[in-house]
Amino acid sequence: MDELKQMREGAAKEYGITMFRRYSEPEAAHFLQMDLSTLRRMRRAGKVPFVALGERQIRYLGIHIVDLILKGDRWRDISDVSSA
């Protein structure tokens, strides 16, 4: 088992995230400990991976949430993201 896989599995277990489950935007914001509006701005700016299930249904895969958690604050710089 490679190191990244171990780290992902450990973080998923710690946060109670199922790796290949689709989570709603409010659920993802909760796991990432950020305001829902901030996550929406990040998504619209292309800074976070997501799954579009139509025009109004957005989901986040658990593995993507875990990867963002593992990156820490490095991905959160939204200074160049306009408030949409």
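Q: Which residues of helix α3 are buried?

A: A residue counts as buried at under 20% relative accessible area, with a 1.4 Å probe and protein chains only. In this predicted model, the buried residues of α3 (residues 36-44) are Thr38, Leu39, Arg41, Met42 and Arg43. Helices are DSSP runs of H or I with at least four residues, strands are runs of E with at least two, and both are numbered from the N terminus.

Q: Against which elements do the buried residues of α3 pack?

A: A contact means heavy atoms within 4.5 Å. The buried residues of α3 pack against α2 (25-31) and β3 (58-61). After α3 comes Gly46, with a positive phi near 80°.

Q: How is a pair of packed helices described, and at what angle do α1 and α4 cross?

A: Two packed helices are described by the angle between their axes and the distance between the axes. Axes are lines fitted to C-alpha atoms over the stretch in contact, and angles run from 0 to 180 degrees between N-to-C directions. The axes of α1 (residues 3-15) and α4 (residues 62-71) come within 9 Å and cross at roughly 100°. Therefore α1 is roughly perpendicular to α4, a term for angles of 65 to 115 degrees.

Q: Which residues of α1 and α4 meet?

A: Met7, Arg8, Ala11, Ala12 and Tyr15 of α1 meet Ile63, Val66, Asp67, Ile69 and Leu70 of α4.

Conventions: Residues numbered from 1 in each chain as written. Predicted model: local features only at pLDDT ≥ 70, side-chain atom pairs only at ≥ 80, totals over all residues. Heavy atoms only, no water. Buried < 20%, exposed > 50% of the residue type's maximum accessible area, 1.4 Å probe, protein only. Parallel < 35°, antiparallel > 145°, perpendicular 65-115°, else oblique.
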